[in-house]
Amino acid sequence: MSVNSAVVVGVDESATSMNAVRWAAAVAAQRNRELRLVHVIDDILLSLPRPLPTQENLHEVVLARGHRLLAKAREAAREVAPEVKLHVELARGRAMDVLRGESETAGLLVLGTPGLRPLGRFLVGSVTIALSAHAACPVAVVRAHVGEDAPPAEGAVVVGVDGSPSSEQAIEVAFEEASWRGAPLVAVHSWDEPFIAAIFEEARLLLDRPLVEAHEREVLSQRLAGWREKFPEVHVDPVVARGSASERLLEYADRAQLLVVGSRGRGGLSGMLLGSTSQTVLSYALCPVIVARPAAGGTS
């Protein structure tokens, strides 16, 4: 998290928004950062024609609802962190544009998830996906939990490591988070044998699994070496596992307090710019997920 940068929460009417506020307030208090609570009203709602009294009143209703939502968020934050420096803002525009602008000077942008689909998958809204792909700072997504239960506060910090530049950013964020939280770090690096076999017909017969695993362990060790020296207080458990990255990460996230992933993607659309692994864990992880993005102000 960048030095003296705020923790920004996008406040909305989703069921998990107040959990996201409380989670962010605890982070801001722990790190002595300002907490900014931002609710965005779409300009379309405020620019409707006003020929009828009902339409005239709509503007006041929308504004009053926004102020009530921010008052509720302020109260939730104060319950967790009464001493944190707090700022609330009722902004106008597109949520994506406003929150992307906030990320330019933020150390962390915190969002909630809208709701639950059948089979346990959470709805990850288009704004969340777009900000996870384009924000100028790391983005934390806090899912809804049963009733009013808070997100887990115990367990390891888990990070996905694949050797990409975005993975390097994820490693940095994960070490910082583990250090702040006094938590162990589980670094997960996976290799997918079925993928290799699908490309090379003979790969399954010729693949020397122990040799491949030894190579992958060396890759992981090299990726972690410099960060271990920078954060000697963090206990690191390196894990090399065969299988899909998202499946392995979700296994460890079940017992974690936080999961950190990179934002790598290969497509031209905002959804594709966020890698498939990141999108999957955002939908299914039981703990909050941070999608690592380059912080605007450097790191603390």
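**Note on a predicted model**

1. N32 is exposed, with a relative accessible area of 69%. Exposed means over 50% relative accessible area, buried means under 20%, and partly exposed lies in between (1.4 Å probe, protein chains only). N32 sits in the loop between α1 (17-30) and β2 (35-41). Its phi is near 55°, a positive value in a residue other than glycine.

2. A word on the basis. This is a predicted model, in which local features need pLDDT of at least 70 and side-chain atom pairs count only at pLDDT 80 or more, while totals for chains, interfaces and linings use all residues. Residues are numbered from 1 along each chain as its sequence is written, and side-chain values use heavy atoms, with hydrogens and water left out.

3. Now the whole chain. The protein chain has 12 helices and 12 strands. These are DSSP runs, numbered from the N terminus: helices are H or I with at least four residues, strands are E with at least two. Of the 300 residues, 49% count as buried. The accessible surface comes to about 14,500 Å², and 55% of it belongs to carbon and sulfur atoms. Areas come from the Shrake-Rupley method with a 1.4 Å probe; for residues, only the protein chains shown count as cover.

4. Consider contacts along the sequence. Contact means heavy atoms within 4.5 Å. Take the contacts between residues at least 6 apart in sequence: 77% of them join residues at least 24 apart.

5. Next, strand β11 (residues 256-261). Six of its six residues are buried, and the strand is mostly covered. Strand β8 (residues 156-160) pairs with β11 in the parallel sense over four bridges. Two strands pair if DSSP finds at least two bridges between them. V157 stands opposite L258 of β11. β11 is also joined to strand β12 (residues 289-291) by three bridges, and these two run parallel. Here L259 has V289 of β12 as its bridge partner.

6. Last, a helix pair. Helix α4 (residues 95-103) packs with helix α5 (residues 126-134) at an angle of about 30°, their axes 10 Å apart. Axes are lines fitted to C-alpha atoms, for helices over the stretch in contact; angles run from 0 to 180 degrees between N-to-C directions. On the α4 side, A95, M96, L99 and R100 make the contact; on the α5 side, V127, A130, L131 and H134 do. By class, this contact has six nonpolar residues, one polar and one charged. Ala, Val, Leu, Ile, Met, Phe, Trp, Tyr, Cys and Pro count as nonpolar, Asp, Glu, Lys and Arg as charged, and the others, Gly among them, as polar.
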